[in-house]
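This report examines how the parts of a protein model are held against one another. Please look at the sequence and the structure before reading on.

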2 protein chains.
Amino acid sequence: MTDLRSVAVWRNGAAVAVPADEAVVTAWDQGLVRGDGAFESVAVLDGGTPHLPAHLARLTRSAALLEIPHPGDDAWRALVGAVLAGWPVDTEGVIRLLLTRGPGDDAPPTALALLAPVPAETVRQRTTGVSVISLSLGVPADFRARAPWLLGGAKTLSYAVNMAAYRHAHSLGADDVVLTSLEGELLEGPTSTVAWAAGGTLHTPPTETGILPGTTVARLFERASAEGWPTARTRATVDDLHAADAVWLLSGVRGAAPVHTLDGVRRGDAGLTSRVRELLAR
Amino acid sequence: MTDLRSVAVWRNGAAVAVPADEAVVTAWDQGLVRGDGAFESVAVLDGGTPHLPAHLARLTRSAALLEIPHPGDDAWRALVGAVLAGWPVDTEGVIRLLLTRGPGDDAPPTALALLAPVPAETVRQRTTGVSVISLSLGVPADFRARAPWLLGGAKTLSYAVNMAAYRHAHSLGADDVVLTSLEGELLEGPTSTVAWAAGGTLHTPPTETGILPGTTVARLFERASAEGWPTARTRATVDDLHAADAVWLLSGVRGAAPVHTLDGVRRGDAGLTSRVRELLAR
């Protein structure tokens, strides 16, 4: 089987493709040593990246929150072009863009892109839905907005807790997680945005809770509003999800994964998932 | 000026020294992409690593909490030996040991060591003390003990928030940070343990709060107890620090840095720092 993965690094003002298995950062890179950097995961569809602008906007915001100099959107576009060169149009992929503080000592930040096929498990979950458990982050919903050192709203490379939440879910037989605040207020998934339909409206939690501004939920809400499906940023709890008509975890690569089980309780989607998918696919 | 830095990586069951500026991990390494790994910072004194066993024990514990296979202490000892080869005995250094989940797909974890001289600023702070501000983590002190997905007690590579706390302190003209719980209970520094002297006893917060078990505070407390200076794991607040006879931030490389200013208030050390340093130096 061919290795479809590809990698490109930003060097001296140019995107340079490198072999996928070549080492690309030194032991001093603060992205490696401290998880000190930002990233984005960008869907590759039909050989292109239709949602790239929203990801680049968020990466710029993450870099600002982390106070890491940003190489400019043209650098990211060049890196995306470099990893996409030769990519088979019929293969769905995911590009990860990484920006780290670099190795220090006045060296520039590290910027690179990596591209791989979408994992089969991700495709399965998109199709068949996910079993989800709720786990608390232990922080009050209003706390992060007034504590900038907690980096609420920044998509950082420090995802050890996000990955540990997945392992905890898997150990309980679940696929994914909805993180909640100390008071039980809905926040987000470790790598997704929570959305639900209730009372004829599409809902998602407000970003004032310190969650990431989801690129997929933004697209969904814009298109739903345009065709008369009301949308709202709503403070809610896991109980509200149990009572909702449908619940999804939204992310750029997996799309809208319907939640078929929440904390062990089976639930339906009132036939709404196809409508959501249709809106996202436009 | 000679580049004193050195790096060694674990490859096929052996420690291999590599040039310090050589790239050592691929773009797929989960330590880079997700901050998914553990580390230790080990002091190099007189050409040796007298406190290595305590760091290796904590690294084993971090790996277990992260569910990352551990290559065994002999691997770490070989890596330490490899980076120390040729190191000038009169230069104080710091070895960082990194263990990451590796690049995935059944590849082994990444294990490597890097050695550099102790930064001049660290030496300055050890000598002249530090100005510290208190910042809240927003999590109740008892929360992390019952939420294993938050990785309390694991020294992970996901230090973006720790670094952001430093930047926040620096923006306010301070050197360092004491993190507190949601209720204001003392936790730890971003890369240190808090200790204080009050009522004839040495105090430090209990690890049930989710803080790291400090290797330096353990050594200090053992030696202090042995010569009749009582020690205690004490739940306390920033107010208790203001009222204390002396406050230190303890870490393996910087040692005992006296806190000379706390949240803008100057404070003394009742002449106790020299005694603490003498205990640590034995």
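Is R124(B) buried, partly exposed or exposed? The model under discussion is predicted, and in it R124(B) has 34% relative accessibility and therefore counts as partly exposed.

Chain A is assigned domain 1, covering residues 6-118, and domain 2, covering residues 123-281. Taken over C-alpha atoms, the centres of domain 1 and domain 2 of chain A are separated by 25 Å. Contact between them involves 24 residues of domain 1 of chain A and 18 residues of domain 2 of chain A. About 1,600 Å² is buried between these two domains of chain A, and carbon and sulfur atoms give 64% of that area. Within the area that domain 1 of chain A buries against domain 2 of chain A, F39(A), H51(A) and R58(A) supply 34%, more than any other three residues.

Polar interactions also occur between the domains. Eight residue pairs are in polar contact between domain 1 of chain A and domain 2 of chain A, counting pairs with both residues at pLDDT 80 or more. The side of domain 1 of chain A that touches domain 2 of chain A draws at least two residues from each of α1 (30-34), β4 (37-44), α2 (52-66) and β5 (93-100) of chain A. By class, this side of domain 1 of chain A has eleven nonpolar, eight polar and five charged residues. One salt bridge is found across the interface of domain 1 and domain 2 of chain A. E92(A) and R126(A) form a salt bridge in which the closest N and O atoms are 2.6 Å apart.

**Salt bridges in the model**

Side chains of opposite charge can pair when their charged atoms come close. Over all chains, the count comes to 26 salt bridges. The table gives examples.

| Salt bridge | Closest N and O atoms |
|---|---|
| E92(A) and R126(A) | 2.6 Å |
| R124(A) and D175(A) | 3.5 Å |
| D175(B) and R124(B) | 3.5 Å |

In chain A, R124(A) pairs with D175(A) in a salt bridge. R124(A) belongs to helix α4 (residues 120-128) of chain A, and D175(A) to the loop between α5 (160-171) and β8 (176-180) of chain A, so the pair ties together parts that are 51 residues apart in sequence. R124(A) counts as partly exposed because its relative accessibility is 33%, whereas D175(A), at 17% relative accessibility, counts as buried.

In chain B, D175(B) forms a salt bridge with R124(B). This pair links distant parts of the chain, 51 residues apart: D175(B) is in the loop between α5 (160-171) and β8 (176-180) of chain B, and R124(B) is in helix α4 (residues 120-128) of chain B. D175(B) is buried, with a relative accessible area of 16%, while R124(B) is partly exposed.

R58(B) is buried at a relative accessible area of 9%, and E40(B) counts as buried at 0% relative accessibility.

Salt bridges may also form a network. In chain A, such a network links E227(A), R275(A), E278(A) and R282(A).

Terms used. Residues numbered from 1 in each chain as written. Chains lettered and ligands numbered in written order. Predicted model: local features only at pLDDT ≥ 70, side-chain atom pairs only at ≥ 80, totals over all residues. Heavy atoms only, no water. Domains from an automatic or database assignment. Contact = heavy atoms within 4.5 Å. Buried area = accessible area lost by both parts, 1.4 Å probe. Salt bridge = Lys/Arg side-chain N within 4 Å of Asp/Glu carboxyl O. Polar contact = N/O pair within 3.5 Å; in protein donor to acceptor, adjacent residues only side chain to side chain. Helix = DSSP H or I, 4+ residues; strand = E, 2+ residues; numbered from the N terminus. Nonpolar A, V, L, I, M, F, W, Y, C, P; charged D, E, K, R; others polar. Buried < 20%, exposed > 50% of the residue type's maximum accessible area, 1.4 Å probe, protein only.
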